[in-house]
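The following exercises are to be worked with the sequence and the model in view. Each task is followed by a solution in steps.

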Amino acid sequence: MFNLLKSTNRTMTPLALFVVAVIVLLSASSVLAEYADVVLNRHAEAEGVRPVIYPHWFHRIRFRCKVCHHELGFQMKVGSNDITMAAILDGKFCGMCHNDETAWGLEHCHRCHSGLPGLKTGIRGDNKAGGPGDY
Amino acid sequence: MATRSKKTQWVEKKLLLFVLLWMAGSAGCFVPAANAKDVFANDGLHDPQGPSFNELQRPDAAFAGFPVDTVGNKVRWVQALRDGMITPRTNIVPDTKIKILDMDLILGNTGDNAYVRFPHRAHTEWLDCANCHPDPFKEKFGTSGIKMGAILEGKFCGKCHGAVAFPLTECARCHSVKPDTFRGKFGVQPVEKH
């Protein structure tokens, strides 16, 4: 392979480059989580439901950060909010909006509890950043 | 055109065979075709067996037409807001006071790097003052002890940049003021017309 790239025969170079390009493209085909997606699984699976996938991007299109992180009182560090279903049903956290008034109600369990079994609680980064302190 | 030696032709044939075999072997990754384009199908997060899997909006569909970035969500969120591509609500409690502050700061003491221009406006369009003040940033300029190492550990700017806002790989977006041409003072800058 590397001998081919070094080959003095110029007719070989385009083919060698093509092969390298194909290999690179195939190797990079795995899909990653969307940047800033949060997995919540401190309580979910222990209570017999799928982990929650919280998409920042989805909410950001509809609400500014300040709505959840100021008005609703969500602390910004993953794990610093003790979000239980009881609290949500009581109108706290997600329940401030997901009440069939501001947003759809809590009967749609699986829209949030949509994660693969075994996921760990945490925030997901992209290919360059895995989250705070993860460079 | 140069004539190729028999050995070269043999190598080319082997290579072609190798590529074809590779492609055939990789075909399994793209089947079924319906899932190949679904970003949730194998993102390592969503369970395709979930009863509401098909009800969920996909980011690629939602971001269509948004100004494109190279990192993070690949969306220029500040620009998307200013261009009116998105109209996210500022509050759900009616009497919440909405404050936008148009004030830039320039932060020096950046070692070999360019100085930092911090725009309050872009930040207050999204965030409330209380999200940053007094923790982690004290209101009085120069008293917070901001260090790049701490930011990289997820403190100060790193609470958001690298987690939900554009990541810390984009040095020049903050370190944008060249020390050799900057003649002003650090801290609050004269208001610029937008």
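A polar contact is a pair of N or O atoms within 3.5 Å; within protein, one must be able to donate a hydrogen and the other to accept it, and residues adjacent in sequence count only if both atoms are side-chain atoms. The model is predicted, so local features need pLDDT of at least 70 and side-chain atom pairs count only at pLDDT 80 or more, whereas totals for chains, interfaces and linings use all residues. Residues are numbered from 1 along each chain as its sequence is written, chains are lettered from A in the order in which they are written, and side-chain values use heavy atoms, without hydrogens and water.

**Exercise 1.** Describe the setting of B:Arg58.

Step 1. B:Arg58 is found in the loop between α2 (33-36) and α3 (59-62) of chain B; helices are DSSP runs of H or I of at least four residues, strands are runs of E of at least two, and both are numbered from the N terminus.

Step 2. B:Arg58 counts as buried because its relative accessibility is 12%, where buried means under 20% relative accessible area, exposed over 50% and partly exposed in between (1.4 Å probe, protein chains only).

Step 3. A polar atom of the side chain of B:Arg58 lies 2.7 Å from the backbone oxygen of B:Phe53.

Step 4. Beyond its neighbours within four places in sequence, B:Arg58 is in contact (heavy atoms within 4.5 Å) with residues including A:Trp57 and B:Asp38.

**Exercise 2.** Describe the setting of A:Ile53.

Step 1. A:Ile53 belongs to strand β2 (residues 52-54) of chain A.

Step 2. With a relative accessible area of 5%, A:Ile53 is buried.

Step 3. Leaving aside neighbours within four places in sequence, the contacts of A:Ile53 include A:Leu119, B:Leu45 and B:His46. A:Ile53 and A:Leu119 are 66 residues apart in sequence, and 9.7 Å apart in space, C-alpha to C-alpha.

**Exercise 3.** Characterise the interface of chain A and chain B.

Step 1. In this interface, 56 residues of chain A are in contact with 72 residues of chain B.

Step 2. About 5,600 Å² is buried between the chains, and carbon and sulfur atoms give 66% of this area; buried area is the accessible area (1.4 Å probe) that two parts lose on being put together, summed over both.

Step 3. The rule finds two salt bridges across the interface, each a side-chain nitrogen of Lys or Arg within 4 Å of a carboxyl oxygen of Asp or Glu. The side chains of A:Arg111 and B:Glu55 meet in a salt bridge (2.7 Å, N to O).
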